[in-house]
Amino acid sequence: MPKEFIVAIELGSSKMTGIAGQKNLDGSITVLATVEEDSSSCIRKGVIYNINQTCLCLTNIIKKLKAILKQDIRQVYVGVGGRSIRSIKNVIVKDLPEHTIITQEMINELMDINRNMTYPDQEILDAITQEYKIDSQHQLDPVGIQCSHLEGIFLNILWRRTFYNNINTCFENAHISIAEMYLAPLALADHILTDSEKRAGCMLVDLGADTTTVSVYSKGILRHLSVIPLGGNNITKDITSLQIEEQDAEKMKLKYGKAYTENSNIDPTLNYPIDKDRVVESKKFIEIVEARVEEIVENVWFQVPAEYADKLLGGIILTGGGSNMPEIGRAFKMHTHIDKIRIAKFINQTVNSKDPRYTNHDGTMNTVLGLLAKGNMNCAGDEINTDLFNQDGHTTVNDVHKTPRNPNDTVGTGVVLTAAEKQKAEEEARKKIEEEEEAARKAAEEEAERIKKEKKEKSIFHRGFRFLKKFVEDSISEEE
């Protein structure tokens, strides 16, 4: 019997990761397969710029996963991020007659108006309700409250329309159906942050290769989301200014790089070896690394809205590959003056896997694990026949399904939908259901009318037949 599993794909700047796993009854996750493809040639700073190369990476990931799982994959969950994503606050105001009691219909109207907002060259990917202002008070649930002035405060997550179109094109060309598309930073936050951190106010910083993502939470709600086009690769490129090849610069960063070093600990006579013949002064190396780290930290801190800068009681939570740099927490403390720093090396759930990429707990797999944990629909298809020969004795070249796929099975649409499009699709589906129900009602009424008419006709016929029979019997009696 085919097993069920969930498949998620993260579109990262340095690598594209595909993962398949199962959710267990105890809340843990069992990883069944993980594959990676180098995406540096097709995705830059989280944005697809080479569609053909991206399609090839996606196709290779699905093929490799199917080979490991020995099952078809019907749909996948997709995580997106990148520099084109940002948040913008939006307020919808509605003046009401005095002593009006707020209804759910009024709230839905505000949400619809917000979702229909248009932004130049950008689409609303998600709309998050912050709170409602009732006259002069703020409420999370205003239904049933009497007021004359209502404001809906929303946080709209935007992304560039070209990015949206490119993702759709890539998955369509690769013939991969999308079960659901998630914002990678939100999926990550759901499985990295604790409820108390979100309520108290915190900042989640995902230090990636090409980008750094900043998410600010307060009172349990996302208040700000932004992506900075700076990451670990910028540090590597700065090191290349010492006349070092990029590959060697990356190795030196991993071996000697520190986010912060006390001046008293810097030895001006110490040199770091580049290769057999060359060395670089440790002091110069440290200055280059720390300068870029300081720039990244200051840009991260600049993203925090002023109204929340002094309310981050939950502190700063660091994750991603960049959080492994020694003294990174110290660097954030120095430049943000936030003492409470937590480095999240792994997600909150228990993960069962023999793969060292998960047992190492280095933060590099947190996002894709968050996407896997967020998925809730079966992505598994039919089992794949791995026999060398088929029943006719011919060699099997392509994957052969043991049973044909049911055409009525529900799978993803194959494209990513924005929040407005999702709402439109839901409205169209609801309208279609209502039309079908109306058609069924009319058909039932017509059928009932037909049956009633037939009964009436039969009744007339029977009465006529009885009258004729009586007339004949009376005529016979008179003749006798």
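Author: Two strands pair if DSSP finds at least two bridges between them, strands being DSSP runs of E with at least two residues and helices runs of H or I with at least four, numbered from the N terminus. The model is predicted, with local features needing pLDDT of at least 70, side-chain atom pairs pLDDT 80 or more, and totals for chains, interfaces and linings using all residues. Residues are numbered from 1 along each chain as its sequence is written, and side-chain values use heavy atoms, without hydrogens and water.

Reader: What makes β13 and β14 a pair?

Author: Six bridges join β13 to β14 (residues 212-218), against the required two, so the strands pair, and they run antiparallel. L207 stands opposite T212 in β14. The two strands form a hairpin with four residues between them.

Reader: How do you know that β13 pairs with β18, and in which sense?

Author: Five bridges link β13 and β18 (residues 315-319) in the parallel sense, which meets the same cut-off. M203 stands opposite I316 in β18.

Reader: Why is β13 called mostly covered?

Author: Six of the six residues in β13 (residues 202-207) are buried, that is, under 20% relative accessible area with a 1.4 Å probe, protein chains only. C202, L204 and D206 point one way, and M203, V205 and L207 the other way.

Reader: Why are α6 and α8 called roughly antiparallel?

Author: Their axes, lines fitted to C-alpha atoms over the stretch in contact, cross at roughly 150 degrees on a scale from 0 to 180 degrees between N-to-C directions. Angles over 145 count as roughly antiparallel, and α6 and α8 therefore qualify.

Methods: Buried means under 20% relative accessible area, exposed over 50%, partly exposed in between (1.4 Å probe, protein chains only). Angles under 35 degrees count as roughly parallel, over 145 as roughly antiparallel, 65 to 115 as roughly perpendicular and the rest as oblique.
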